[in-house]
Amino acid sequence: MIIAIDGPAASGKGTLARRLAAHYGLPHLDTGLLYRGTAAAVLASGGRLEDEAAAARAASGLDPARLGEDESLRGRPMGEAASVVAAHPAVRAALLDLQRAFAAQPGGAVLDGRDIGTVICPDAQVKLFVTASPEERARRRTRELDGRGEPADPAAILEDIRRRDERDSARSAAPLLKADDALMLDTTTLGVEQSFLAALALVEAKLRGRA
Ligand code: CDP
């Protein structure tokens, strides 16, 4: 079974993806890390994020197995940098096979990102589109950064989130979009556990042909 989870920044899709993967015993790929890793590699080599060819080379040279260990990728600056390289079609093309191969593992997988249900796994059995209000997402991201010792001004985070939503939705290459057959989950008023239970109910309903 492939579960595709998409949604905007700090909507809670990563946490949900991890919980659903653990519940069903499936491997999980946080595809945002691929774009964060690509941006980090461009910057480390002294390149510019706007340079599509340099970014595509960085994407092709990624070692996905090592991305999970690099805490610096999860910080605020790399989220912003990731959304710049993610708008380059050549970067998205360079990362396509790797994501499809992950999804094609026997038994299936859970992938979360922006274009999983629309581009990477259009045939996924279950697609969720996870949202929350920008204000609630900003509160969550502020708490998350605080927890990692990267204190941030909530108003600046809200600004970041709005800018990133706009860039991710407006780009022509695989924009952030709900797939027609994705189930919508608004987590604005839900805590982590409630969100998980709501997502689980949607997945189970879909698997039983009731959603
Ligand atoms: O955790 P958060 O939602 O803030 O970020 P992320 O999922 O790690 O994604 C960082 C950036 O990578 C996003 O703003 C997108 O521009 C890009 N991205 C993408 O274009 N496609 C994906 N499948 C995943 C991420």
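This section describes the sheet, the ligand site and several individual residues of a predicted model.

In general, strands of a sheet are joined through backbone hydrogen bonds, in either a parallel or an antiparallel manner.

Two of the pairings can be described in detail. Strand β1, which spans residues 2–6, runs parallel to strand β3, residues 109–113, and the two are linked by 5 bridges. Within this pairing, Ile 5 has Asp 112 of β3 as its bridge partner. Opposite Met 184 of β5 stands Phe 129. The two faces of β5 can be told apart: Leu 183 and Leu 185 belong to the covered face, whereas Met 184 and Asp 186 belong to the uncovered one.

The ligand is surrounded by 18 residues. The closest of these are Lys 13, Arg 36, Arg 141, Arg 164 and Asp 168. In the side chain of Lys 13, an N or O atom lies 2.7 Å from an oxygen atom of the ligand. A polar backbone atom of Ala 10 is 3.5 Å from an oxygen atom of the ligand. A nitrogen atom of the ligand, in turn, is 2.9 Å from a polar side-chain atom of Thr 31. The ligand taken alone exposes 530 Å², of which the protein buries 95%.

The phi angle of Ala 10 is near 60 degrees, a positive value in a residue other than glycine. Because its relative accessibility is 10%, and the limit for burial is under 20%, Ala 10 counts as buried. A positive phi, of about 45 degrees, is likewise found at Ala 174, which is not a glycine. Ala 174 is part of the loop between α9 (154–170) and β5. With a relative accessibility of 17%, Ala 174 also counts as buried.

Two further residues complete the description. His 88 occupies the loop between α5, residues 76–85, and α6, residues 89–103. The relative accessibility of His 88 is 10%, and the residue therefore counts as buried. When neighbours within four places in sequence are left aside, His 88 is in contact with Leu 49, Glu 50, Asp 51, Glu 52 and Ala 55. Gly 32, by contrast, is partly exposed, because its relative accessible area is 23% and this class lies between the limits of 20% and 50%. Gly 32 is found in helix α2, which covers residues 32–44. Along the chain, Gly 32 and Ala 56 are 24 residues apart, and their C-alpha atoms are separated by 15 Å.

Conventions. Residues are numbered from 1 along each chain as its sequence is written. This is a predicted model: local features need pLDDT of at least 70, side-chain atom pairs count only at pLDDT 80 or more; totals for chains, interfaces and linings use all residues. Side-chain values use heavy atoms; hydrogens and water are left out. Two strands pair if DSSP finds at least two bridges between them. Helices (H or I, at least four residues) and strands (E, at least two) are DSSP runs, numbered from the N terminus. A residue is near a molecule or strand if one of its heavy atoms lies within 4 Å of it. A polar contact is a pair of N or O atoms within 3.5 Å; within protein, one must be able to donate a hydrogen and the other to accept it, and residues adjacent in sequence count only if both atoms are side-chain atoms. Accessible areas come from the Shrake-Rupley method with a 1.4 Å probe; for residues, only the protein chains shown count as cover. Buried means under 20% relative accessible area, exposed over 50%, partly exposed in between (1.4 Å probe, protein chains only). Contact means heavy atoms within 4.5 Å.
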